[in-house]
Amino acid sequence: MTTDGQFFVVEGLEGAGKTNAQEQIKHYLQNRGIKSNQILFTREPGGTPLAEKLRNIFKADLDGEVLTRKAELLVLYAARIQLVENIIKPALLRGDYVIGDRHDLSSQAYQGAGRGFDATFMLTLKTLVLDSFKPQLTLYLDVTPEIGLQRARVRGELDRIEKEDLAFFNRVREAYLDFAQKDPSIIIIDATQPIEKVNQEIKKALDVHFENHEKKFDYCR
Ligand code: Z5A
């Protein structure tokens, strides 16, 4: 077993099952002998006192004031860098494991594709804010917007993003799939399947990840 910390991220449309996936990853890590106090959950936007305030600004209707798409994007990156610098990086340096509910890929998909920001602009902003920081593994839970929203909307009142139309969420999903095709650290999980099957795929993805990670680790020794 390696002892270096790692950052795992769960991504997907609303209602994709990210909460369950975070628990599955935690369970998997515990089975590898990693102690509970070495496993940390994060969510984005949020996860520090300031980032949680920014989350509320991001999610709420602002008494008639329009949150412009650029302001929305900057609020998300302000929250993200607070979380990365104050919580995630220190945890990884301690050798702990961080399991994130969303990270930068959400901005690439929701703001990039959903809000229509240019890909080069998005990449420039990401690099300026995060440098080369990125998760070791991202599990993208793929559901159609129809299924995801149906699962999630039983909860009641809709937030600002949830009020977007189906075309917005279809663009977001297409972008997720496109990013996953190009980046081997993003694994697509078919999250329309029964939860037991989803859990099996999550375990398989983690098995492959740790196998590859250990090979790399052995090679470097
Ligand atoms: N956002 C953004 O635009 N840009 C960014 O950079 C970031 C975020 C970071 C965050 O809202 C919003 O911010 C999000 C994107 C945007 N908005 N949208 N839409 P959030 O954190 O409040 O909401 P969410 O991330 O969308 O989470 P969610 O609705 O809680 O989704 P989830 O965690 O994936 O869902 P869940 O609670 O795990 O599952 C929902 C239900 O489905 C639950 O009852 C489960 O038991 C059920 N479920 C799960 N899996 C299955 C399967 N396989 N079969 C049947 N039922 C299932």
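Start with arginine 151: one of its polar side-chain atoms lies 3.4 Å from a nitrogen atom of the ligand. I use polar contact for a pair of N or O atoms within 3.5 Å; within protein, one must be able to donate a hydrogen and the other to accept it, and residues adjacent in sequence count only if both atoms are side-chain atoms. This is a predicted model, where local features need pLDDT of at least 70, side-chain atom pairs count only at pLDDT 80 or more, and totals for chains, interfaces and linings use all residues. Residues are numbered from 1 along each chain as its sequence is written, and side-chain values use heavy atoms, with hydrogens and water left out.

A backbone N or O atom of glycine 17 is 2.9 Å from an oxygen atom of the ligand, and a polar backbone atom of alanine 16 is 3.3 Å from a ligand oxygen. Taken alone, the ligand exposes 1100 Å², and the protein buries 80% of that; accessible areas are Shrake-Rupley values with a 1.4 Å probe, and for residues only the protein chains shown count as cover.

Next, the shell. There are 27 residues around the ligand, and Lys59, Arg102, Ser107, Gln111 and Arg155 come nearest; near means a heavy atom of the residue within 4 Å. The shell divides into 11 nonpolar, 7 polar and 9 charged residues. Here Ala, Val, Leu, Ile, Met, Phe, Trp, Tyr, Cys and Pro count as nonpolar, Asp, Glu, Lys and Arg as charged, and the others, Gly among them, as polar. Helix H4 gives the largest share, 4 residues. Helices are DSSP runs of H or I with at least four residues, strands are E runs of at least two, and both are numbered from the N terminus.

Two loops have backbone features. Arginine 102, in the loop between strand S3 (97-101) and H4, has a positive phi near 80 degrees, and is not a glycine. In the loop between strand S2 (39-43) and H2 sits proline 45, joined to glutamate 44 by a cis peptide bond with omega about -10 degrees.

Last, the rings. The count comes to 9 aromatic pairs, with Phe, Tyr and Trp (six-membered ring) centres within 6.5 Å, and planes under 30 degrees apart called stacked, over 60 edge-to-face, the rest tilted. Phenylalanine 8 and phenylalanine 210 have centres 5.9 Å apart and planes at 55 degrees, so that pair is tilted.
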